[in-house]
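Let's take a walk through this protein together, starting with a few ground rules and then moving from the whole chain to single residues.

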Amino acid sequence: ADWPQWGRDATHNAVSPETGVSLDFQFALKNEDGTSKQPSKNIAWAAELGNRTVIPPIISDGLVWIGTNARHPDDEKAASKTWDGGILLCLSESDGKLLWRNRTPRLKTSWVEDFPQSSLGSVPLIEGNRMWVMNNRNEVVFYDISALKSGTGMPREIGIYDTRKSLGVYAHKPLMSGGMAASIAGDKDRLFVVTHNGVDESHINIPNPNAPSLICLHKRTGKLLWSDHSPGKNIMHCQISSPLVCEVKGRKMVVMAQGDGWLRGFDTETGKVLWKCDLNPKDSFYDLSGTGTRNYIVATPILYDNRVYVPLGNDIEHGGGAGALFCVDPMKDGDISPEIVTWPNKYVPNPNRAVPWFTPRTVPDDAPRIMVGPMRKRDLLRDRNIFFCRCFGSVTAHGGLVYAGDVQGFVYCFDAKTGKLYWVDDTKDQITGQPLVADGKVFVGNWLGSVNVYAHGKELKRLAKIECDEQIRAGLVYANRTLYVTTDTTLYAIRTPKRDRP
């Protein structure tokens with residue numbers, strides 16, 4: 001089974017239907033003096049990337065596509081030439097051989113629009129012989145990849161839609177995310193594109209609040225079909241969550257988590273706002289330092305069992321304050337927020353609410369006690385007085401459970417229907433990638449460079465902790481019996497040894 005888009009399919013839910021994942025592998029590790037600490041084991045191939053990679057690969061028709069950045073040339077002569085830019089690589093799925101490399105030069109405008117040495121942060125969308133990707137210049141690039149797939153040539157660029165020139169958007173890419181950007185979603189003859197409209201270098205001023213935040217383009221012609229600027233002047237910082245296109249009980253919509261902290265559902269044909277949900281308390285406030293109580297959404301929403309799941313977040317440099325995980329019913333119209341404003345400073349429960357559950361900000365009295373440390377004296381949740389922290393990566397749902405990883409390195413397991421917390425574990429460093437569920441296991445990488453593996457279920461059971469020398473910012477992928485682990489500089493392909501396959 002291929003993995004052709006963000007989170008495997010249109011639901012953005014990172015669940016593989018395949019079995020046979022082996023944990024019998026290890027990465028090569030080095031001592032501080034550069035000598036070998038341990039050799040690699042059961043690594044099918046390892047492909048060199050740039051030195052900053054923030055997104056997972058996609059796998060389609062024998063090809064592996066991944067965005068990264070350009071490494072600084074080693075020699076001074078090469079360094080004097082233009083070299084920096086976002087890089088899109090295409091590798092052979094069988095052996096990791098480089099088939100195609102494309103570099104997009106940096107913008108020469110503001111550094112927050114395209115800062116130096118950042119990664120290409122948008123996952124390509126591939127359908128048959130066509131590919132669409134948002135590059136680091138905020139351009140939607142249309143490709144014909146038929147020649148590459150047939151082995152007769154390279155991808156051919158057939159069109160570009162420049163959101164900055166055409167729409168007047170001011171794209172903001174958060175520095176600490178390393179270049180993370182929204183990916184394109186598709187449905188029939190339409191593309192749904194996040195423009196990344198946000199604040200300028202002051203991190204306060206929005207140069208063009210009336211510029212669109214979400215647009216719909218025709219897949220073949222690139223014609224603008226509709227646009228929406230709902231967040232407007234209320235954008236807090238950036239907008240890098242990807243669109244979710246889904247059909248629930250016969251109603252097709254595109255769901256967007258936006259920079260004003262609202263989740264919205266749009267009609268795919270017209271762009272009309274069908275429903276909207278404020279994911280923050282009405283008395284919350286945003287503060288640039290990260291100490292505020294109002295958050296926007298960085299993660300991409302997922303669809304599971306006709307419900308939308310999305311966590312609140314913030315840029316990593318703003319810290320790991322309190323967040324919330326929301327379960328939203330996308331079938332009601334209008335304002336479906338938990339609360340509504342009746343008059344200034346007066347908030348009441350919303351009679352039109354369509355939020356089955358969301359996590360509290362502080363630790364409730366009935367929350368489970370997660371005791372850790374020597375003599376089990378430390379309560380993991382109450383020690384920090386945050387029930388659920390801000391998230392950068394999307395959540396993953398499977399078998400009635402929802403898994404999430406937050407920017408403080410905690411992994412959570414919730415009941416998908418009720419929001420009941422079953423377990424929490426501390427991985428000791430930031431998690432920015434989406435958890436992967438495959439073969440009865442849950443895989444979570446972190447910035448410490450460890451792959452944490454848990455048994456899928458309501459009880460905490462750690463199966464393995466596999467160490468790596470590099471940060472793992474992106475989520476893992478399991479496709480065609482191959483586990484892909486993306487570090488800053490290397491993409492590893494790990495295959496189950498034939499003798500261990502069922």
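A residue is called buried when its relative accessible area is under 20%, exposed when that area is over 50%, and partly exposed in between, using a 1.4 Å probe and protein chains only. What you are looking at is a predicted model, in which local features need pLDDT of at least 70 and side-chain atom pairs count only at pLDDT 80 or more, while totals for chains, interfaces and linings use all residues. Residues are numbered from 1 along each chain as its sequence is written, and side-chain values use heavy atoms, with hydrogens and water left out.

Let's begin with the whole chain. Its secondary structure comes to three helices and 40 strands; here helices (H or I, at least four residues) and strands (E, at least two) are DSSP runs, numbered from the N terminus. The radius of gyration is 22 Å, close to the 23 Å that the globule rule gives for 502 residues, so the protein chain is as compact as a globular protein of that length. That radius is taken over C-alpha atoms, and the globule rule is 2.2 Å times the number of residues to the power 0.38. Along its principal axes, the C-alpha trace spans about 65 × 60 × 45 Å.

Of the 502 residues, 60% count as buried. A contact means heavy atoms within 4.5 Å, and among contacts between residues at least 6 apart in sequence, 56% join residues at least 24 apart. The protein chain exposes about 19,400 Å², with carbon and sulfur atoms supplying 48% of it; accessible areas come from the Shrake-Rupley method with a 1.4 Å probe, and for residues only the protein chains shown count as cover.

Now to the strands. Two of them are said to pair if DSSP finds at least two bridges between them. Strand 27 is joined to strand 23 (residues 325-328) by two bridges, and the two run antiparallel. Look for Cys327 here: its bridge partner in strand 27 is Trp357.

Elsewhere, seven bridges join strand 7 (residues 85-92) to strand 8 (residues 98-105), again running antiparallel. Gly86 stands opposite Thr104 in strand 8. These two strands make a hairpin with five residues between them, where Gly96 takes a positive phi near 80°.

Leaving aside its neighbours within four places in sequence, Glu113 is in contact with Leu107, Asn136, Arg164, Val169, Tyr170, Ala171 and Lys173. Glu113 is also 245 residues from Phe358 in sequence, and the two are 33 Å apart in space, C-alpha to C-alpha.

Most residues other than glycine have a negative phi. Lys188, in the loop between strand 13 (185-187) and strand 14 (190-194), has a positive phi of about 55° although it is not a glycine. His203, in the loop between strand 14 and strand 15 (214-218), has a positive phi of about 65° and is not a glycine either. Is each one buried or exposed? Lys188 counts as exposed, at 65% relative accessibility, whereas His203 is buried, with a relative accessible area of 17%.

Our last stop is strand 39 (residues 482-486). Five of its five residues are buried, so strand 39 is largely enclosed by the rest of the structure. In a regular strand the side chains alternate between the two faces of the sheet. Here Thr482, Tyr484 and Thr486 point one way, while Leu483 and Val485 point the other way.

Strand 38 (residues 477-479) is joined to strand 39 by three bridges in an antiparallel arrangement, with Tyr478 bridging to Leu483. Their hairpin has two residues between the strands, and Asn480 takes a positive phi near 50° there. Strand 39 and strand 40 (residues 490-495) pair in the antiparallel sense over five bridges, with Thr486 opposite Leu491, and they form a hairpin with three residues between them.
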